[in-house]
Every structure is written in structure tokens, then in C-alpha cells.
Amino acid sequence: GGRGDSPLFALSWQSPMLEDSLWTLSQGRYNSSYPPSGRIYSTGYLMVDYLTRHYGKESFARVNSTFAWFPFFGLNGALKKETGFSSKELFDLAVEEQRKELPQYPSPGVLFSPDSLGDYYLPEPTGLGLLGFSHTLKRGGALVRYTPDGSVEELKSLPFIDHDSISLTSDGALFSFAWADPYHVSSIPLAPASYSDLMLYHFPSDSFRRITHKEMLFQPLLSEDGTLLIAIRRTGDRHTLVSIEPETGKTTVLYDNPLGSVFEPALAKDDTVVVVEVVEGNSALIAVDREGRVTTLVPPTRSEIRSPLFADERSLFFVSDDTGFLALYRYDMVTGVITHMLSDPQGVLKARLDGGAILYETYRAEGVALKRADIARLSPVTVTLQEPDAKQQEGQEIIFSSKGFVDYPRLNLVLPFPFVSENSLQPGLWIHSQSLLRRQLLTAQ
């Protein structure tokens, strides 16, 4: 989920509420280096969501229209005219309403990662120990090892990658990195042409090797022996599953559904790849074997499915918002049974088995953290996920129309601009016009 009606996005304010550390409206007017970095969006969503639900969707347009006529003193006057409340009062009402919806049950897990500011993502067991990616304000992004005494040891600084775009083995790390070409013919100031290529880091030699060039590859996977490279490739507005030849960087399509996209591949020991498939807003789990045969594991559901990961040879963990909050589920590949494993009031983002326990990601006010829950103390329940949205059953492809676009300057702002001429003050105007893609700029005075 992105910014909007999403349980993942909602954690950005729910977790601070649960820890009594939510920001104020004044703090919500600007971003922060501290989590959540995008709190301006969380603040805006809380207020717009409350406004539209209590005063109608048209109220948002009326507030913006009133504000646009006289924008010099902010939104407070426009909000008070529409609702009778100031912006601070409206924010307080939205927060209080959200507090009433917070989960009331205790967390089943015990904190595993350091109790400090930063993001600690789910590690992978390797021959070098438990390795994972972490990001803190002090050191930035880095590969780290979790030691038996509970401390975190930095192995290699990797400041420019995303946490979900790295795969670890005993010998190295495969990760994708983004770069931009501002001189490309299709680049614009707001969105330069960009690419996402694969790089392989080798632990023993402390060396990097670039594998692809000018590709659009994300969420890579590397088999333990290093011979199989899997990734998600963006193709237009869709995402497909591809394999990559380690030496030449040549890609081969493994699975492509023209009606949807696939995300978050998980690799089994027999090289079967499980991915989340999204078609018309419905999620499913499918498996693609080495011969290209496709098997549906979890059929399409309107519930969001994310973060699949093999628990063992016969079962698969995944996360879903089937109950309205992100929780952990287990799919038995032999019986087809889906089991709800655990819920955490601060959400479950990803999980794996760790001996007799489940190690999982959750979201705290200080960032993404790791918790450990003993399986013996859990109470798994067999469940059935929600039915798919009706559009999925119809199987109709939506085709969007397109037309040419002329990026001409549009009037943006007119301000009084008095000036001095021949020792006297003269009236004047300052006019600013700019095109939507910011390729054209015209100012006059």
C-alpha cells in the first residue's frame, strides 16, 4: 500500500499513538529526519479523511476553493468556514477518532533488534550468521550481523539501496541500485529518466560487480549457490518476473500476466519461485517452477497479500490485511490450508522461522524493529481469506484512452510589484507562468 487507505500507511500514526509519541499539528507541517519521515502525508491524510467522512467529499473542494481565493494566511480560515473548527481542533478530532480504533491486545513478541532509533529489517540465516539490512541516522544503510549476545555488527556500508532490494547468501549480496540520466531525451526536471540495475557484492574479496546496464529491476533474489538470479522487472505500468544470466546480464521472462503485475518473489530450494500477483486490485499467491508451469496457491482475494517467505519445505509465510490489520499467515503447500499465526498491535511486515520461534518485522514509533515470538505460546487458527472483488471474476481488461499533450506555460501567480521610476513609486505587477512538466517558464514584471 502507498499513501492512502492502507493498513501499512496507517502504521505511521498508529504506532506513535500506541506509544504516546504522536507529533503535533505544528510538527506535522514539515518533514523530519526521524521516523516517520513522511509525516506531512500522514497529517494531511488524517485531516482530509476526517473532513470528507464527516462533511462530505465536496467539502475538500470547497476548502481548497476558499483557500485559493486568499492563500496568504494558510488553510485555517478556510477550514473554520467549512467546519466551524480550526485546523488544530480538526486535527485533534481526527486523532481522537483514530485512537478509538487502535488494537487493544498485547504484542506476542519480545524485542530482538536494538531498542534505539532506526530501521532493522528481517535478516537471513547464512554461513556468516544472521545477516540483514539496517538503516540508522548515524550510519545510514548498511549490511549488519546480529551476534549471539544481541549486539549488531556493521559489515558493509550500503547507503543508497532500499531494504527490499537486497538478497543475501554466505558469499555475497545481490542488490538493485537506482540511477538517473538527466540528459536522456525523455528526462524532465521533476522526473529524470532513471534505471535500476543489479550489483553483486562479494564478501571474501570485498568487491562489487555490476551485472546489468540500463534495466528496471527490483526485489532481486540470489540462490545460495549463486547460479540463479531472479528479479521483478518493470515494463511500462506492469511488473513481470525475470531471471538474469549472472555473467552477461541477459534477462529471460519467467512469468508475465498482461492483465496484472507480480511482486516480492520468494525462492524455494528446488528453484520454484512464489510471487504475489495483483490483478484488478485483488492479490493471489502463485508458484512458477523451473519448467515455467504456474500453480495458484492462494486464490485471488480482495485482501492485500505481501511478503511471502518459505517457512520450511512444505509451508509458506505471508502477510495480509484480511482482518483490517497486517498479520502473519501460513500456507501449507500440501493441504492448501491457510492458518493465522500471529497479530501484533503494531503490525507484522515480514517473518521467518528462527528455531522454535518466529522472527518478524514490526513498526515502532522509532522505526522498523524486529521481534521474536515463541511458537509454543501462539494459538494458530485456520482461516479463509475474503472473496475477490467482482471485477476479477469478470476478467475484463481496462483500456485507458490517451491523447497528445502540449506542455505550454500556464498562469501561476500574479502579485503586486511596485517599482521606483524617475524618483517616484509606480504601480506594477509580477506575473509567473510555468508549464506542468516545468519545461517552460515565463515571468514578467
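Which strand gives the largest share of the lining of the largest cavity? I opened my notes with that, and the answer is strand β25 (residues 367-374), with three residues.

**Ground rules.** I am working on a predicted model, where local features need pLDDT of at least 70, side-chain atom pairs count only at pLDDT 80 or more, and totals for chains, interfaces and linings use all residues. Residues are numbered from 1 along each chain as its sequence is written, and side-chain values use heavy atoms, with hydrogens and water left out.

**Overall build.** I looked up the secondary structure and found six helices and 31 strands. Helices (H or I, at least four residues) and strands (E, at least two) are DSSP runs, numbered from the N terminus. The C-alpha atoms fill a box of roughly 85 × 50 × 50 Å along the principal axes. Of the 445 residues, 44% are buried. Buried means under 20% relative accessible area, exposed over 50%, and partly exposed in between, with a 1.4 Å probe and protein chains only. I also checked contacts, meaning heavy atoms within 4.5 Å. Among those between residues at least 6 apart in sequence, 43% join residues at least 24 apart.

**The cavity.** I searched the whole structure and found one cavity of 30 Å³ or more. A cavity is a set of points on a 1 Å grid over the protein atoms alone where a 1.4 Å probe fits but cannot get out; lining residues have an atom within 4 Å of a point. Grid points are joined across faces, edges and corners, and a volume is the space filled by probe spheres set on the points. The largest cavity holds about 40 Å³. Its lining includes S113, P114, Y120, R364 and E366. By class I noted four nonpolar, four polar and two charged residues. Here Ala, Val, Leu, Ile, Met, Phe, Trp, Tyr, Cys and Pro are nonpolar, Asp, Glu, Lys and Arg charged, and the others, Gly among them, polar.

**Aromatic pairs.** I paired rings of Phe, Tyr and Trp (its six-membered ring) if their centres lie within 6.5 Å; planes under 30 degrees apart are stacked, over 60 edge-to-face, the rest tilted. That gave 11 aromatic pairs. W13 and Y45 are stacked, because their ring centres are 5.4 Å apart and their planes are at 20°. W13 is in helix α1 (residues 7-18) and Y45 in helix α2 (residues 39-55), 32 residues apart. Both W13 and Y45 are buried.

How are the rings of F112 and Y146 arranged? Their centres are 5.7 Å apart and their planes at 40°, so I logged the pair as tilted. F112 lies in the loop between β1 (110-111) and β2 (119-120) and Y146 in strand β5 (residues 140-146), so the pair ties together parts 34 residues apart in sequence. F112 is partly exposed at 25% relative accessibility, whereas Y146 is buried at 7%. I also noted one aromatic cluster formed by F175, Y201, F203 and F208.

**Charges over rings.** I counted a charge when NZ of Lys or CZ of Arg is within 6 Å of the ring centre and within 35 degrees of the ring normal. R39 lies over the face of Y30, 4.8 Å from the ring centre. R410 lies over Y408 at 4.1 Å.

**Backbone.** The P35 to P36 peptide bond is cis, with omega near -10°. P36 lies in the loop between α1 and α2. K214, not a glycine, has a positive phi of about 55°. I found K214 in the loop between β10 (207-210) and β11 (217-222).

Definitions and conventions
On a 1 Å grid over the protein atoms alone, a cavity is a set of points where a 1.4 Å probe fits but cannot get out, and a pocket is an open set with protein on both sides within 12 Å along at least five of seven lines; lining residues have an atom within 4 Å of a point.
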